[in-house]
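Here is a short report on a metal site, ring pairs and charged pairs. The structure comes first.

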Amino acid sequence: MSDFNPYAPPAADTLDSGRQWGESDDRGGLWRERFLLVMDRTATLPVDRCIVCDAPATGRPLRRKLSWHSPWWYLIVLFNLLFYVIAAVIVRKTVAVRVGLCDLHRTRRRRWIALAWSLVLVAIGVLGFVASNPVTDATMATLMALALLSLLAGGIVGIYGPRVVTAKQINDRYAWIGGVSSKLLDTLPDWTGPKYHG
Ligand SMILES: [Zn+2]
């Protein structure tokens, strides 16, 4: 304990235990800007209520790493998709959140994930069929297109279906989060800092 400092703020464990909804009025680090929740990137979201609909949360909170980058970076897609992916990984800002979910929204999320995997399996099945059966060129082209489409659909469903909350903007200190229940937003103080640009 040689580095003990009596003047230091409470250590990280108070931050990690989370500010439970309804436990106190302290929702430090959380505000509302219209339909978005603004959070200090080190703040914690309430986990005893579903973040989507405000029903009592069940099961373990969901951990998500939300990322965002300026929409201008999408322009790179016009030139090269790979360059865009590399640029996005480098320039994106991320925020780690833990959110509560009710049974309904947990189940809905799982269904989207199951659907995404099903589409991927369909693609694999079709490719397997093509590889192990003699088919005409025309049939093969059709089946390959079907497999590719199924794979693409699986990817899109897998990315967008299970999302519960999304980062709409992140700067060095704050994150703007969309998809949050309006009932939670109603309990938060109004945000008076820099505005959401979207
Ligand atoms: Zn819910």
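## Zinc site

C50 (SG), C53 (SG), C102 (SG) and H105 (ND1) coordinate the zinc ion at 2.0 to 2.3 Å. Donors here are N, O and S atoms within 2.8 Å of the metal (3.2 Å for Na, K and Ca); water is not among the atoms, so sites may look incomplete. The 4 donor atoms subtend angles of 101 to 113 degrees around the zinc ion, so the arrangement is tetrahedral (four donors with all angles between 85 and 135 degrees). The donor spacing in sequence is C-x2-C-x48-C-x2-H. C50 sits in the loop between β2 (36-40) and β3 (62-68), and C102 in the loop between β4 (93-99) and α3 (103-132), 52 residues apart. Helices (DSSP H or I, at least four residues) and strands (E, at least two) are numbered from the N terminus. C50 and C102 are both buried. Buried means under 20% relative accessible area, exposed over 50%, and partly exposed in between (1.4 Å probe, protein chains only).

## Basis of the model

This is a predicted model: local features need pLDDT of at least 70, side-chain atom pairs count only at pLDDT 80 or more, and totals for chains, interfaces and linings use all residues. Residues are numbered from 1 along each chain as its sequence is written, and side-chain values use heavy atoms, leaving out hydrogens and water.

## Aromatic pairs

The structure holds 6 aromatic pairs. Rings of Phe, Tyr and Trp (its six-membered ring) pair if their centres lie within 6.5 Å; planes under 30 degrees apart count as stacked, over 60 as edge-to-face and the rest as tilted. W31 and Y174 form an edge-to-face pair, with ring centres 5.8 Å apart and planes at 80 degrees. W31 is in strand β1 (residues 30-33) and Y174 in strand β6 (residues 174-178), 143 residues apart. W31 is partly exposed at 21% relative accessibility, while Y174 is buried at 14%.

Y74 and Y84 are stacked: their ring centres lie 5.5 Å apart, their planes at 25 degrees. Y74 is partly exposed at 47%; Y84 is buried at 13%. Ring pairs also link W31, Y174, W176 and W191 into a cluster.

## Salt bridges

There are 2 salt bridges (a side-chain nitrogen of Lys or Arg within 4 Å of a carboxyl oxygen of Asp or Glu). D186 and R32 meet at 2.8 Å, N to O. D186 lies in helix α5 (residues 182-186) and R32 in strand β1, so the pair ties together parts 154 residues apart in sequence. D186 is exposed at 55%.

R173 bridges to D40, with the closest N and O atoms 3.2 Å apart. D40 is buried at 10% relative accessibility.

Technical notes: Four donors count as tetrahedral if all angles lie between 85 and 135 degrees; four count as square planar and six as octahedral if opposite donors are over 155 degrees apart and all others between 65 and 115; anything else is irregular.
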